Amino acid sequence: MRAPIPARLLLLAMVCLVAAACGGSGDDTSGTAPATTTAASGTTAAASQACADAAALKTSVAELDQLDPPAAGKAGIQAALDKVSTNLAALKTSAKSQWSSQITELDSAVEALKATIDGINGDSLLSALPTIISDLKGIDTAWTALQQQIDQDCG
């Protein structure tokens, strides 16, 4: 099976463009630039990890926000909440002290919903709906505050 010639030419052009974009003049006469670049790269790597973890958290919070509690039931809410908790734990680790007050607020809101969900058994989901909705609003409020900071720092 042969690729058409235009596809090969396109591939060749892309390879050349990537090589040109990545290539440098080779004229690195500054002795301090590599150390500065390394320090900046370390900070950027930590920030980019926190931003990646924040993006994952954003996705899981959106999934939780899209749930219909009566339709999802206890198991569905718990599964979505577990994703949020996992991604929040990763963000706590990667962000270190960055966004700490907002992360603490979100963590408290998530724990409140966990406690509500843990207290549900059998048919009590419907009677717990007002509390679940209130807890979800608390998560949404805390997430909005955190997301504003993340958007500021991560773009």
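**Helix 4 against helix 5.** I looked up how helix 4 (residues 100-118) and helix 5 (residues 125-154) pack in this predicted model, and I found that their axes come within 8 Å and cross at roughly 165°. Since angles over 145 degrees count as roughly antiparallel, I note that helix 4 and helix 5 are therefore roughly antiparallel to each other. I also checked the hand of the crossing, which is left-handed.

**Residues in the contact.** Sorted by class, the contact has 14 nonpolar, 5 polar and 2 charged residues.

**Asn 87.** Next I turned to Asn 87, which lies in helix 3 (residues 69-95). Which residues does Asn 87 contact, once its neighbours within four places in sequence are left aside? I recorded Asp 53, Ala 56, Leu 57 and Ser 60. For Ala 56 I have a distance as well: its backbone oxygen lies 3.2 Å from a polar atom of the Asn 87 side chain.

**The whole chain.** I counted 5 helices and 0 strands, and read along the sequence the pattern is α-α-α-α-α. Of the 155 residues, 27% count as buried. Finally, I took the contacts between residues at least 6 apart in sequence, and I noted that 69% of these join residues at least 24 apart.

Note on methods:
Residues are numbered from 1 along each chain as its sequence is written. This is a predicted model: local features need pLDDT of at least 70, side-chain atom pairs count only at pLDDT 80 or more; totals for chains, interfaces and linings use all residues. Side-chain values use heavy atoms; hydrogens and water are left out. Axes are lines fitted to C-alpha atoms, for helices over the stretch in contact, and angles run from 0 to 180 degrees between N-to-C directions. Helices (H or I, at least four residues) and strands (E, at least two) are DSSP runs, numbered from the N terminus. Angles under 35 degrees count as roughly parallel, over 145 as roughly antiparallel, 65 to 115 as roughly perpendicular and the rest as oblique. A crossing is left-handed if the near helix is turned anticlockwise from the far one by less than a right angle, and right-handed if clockwise. Ala, Val, Leu, Ile, Met, Phe, Trp, Tyr, Cys and Pro count as nonpolar, Asp, Glu, Lys and Arg as charged, and the others, Gly among them, as polar. A polar contact is a pair of N or O atoms within 3.5 Å; within protein, one must be able to donate a hydrogen and the other to accept it, and residues adjacent in sequence count only if both atoms are side-chain atoms. Contact means heavy atoms within 4.5 Å. Buried means under 20% relative accessible area, exposed over 50%, partly exposed in between (1.4 Å probe, protein chains only).
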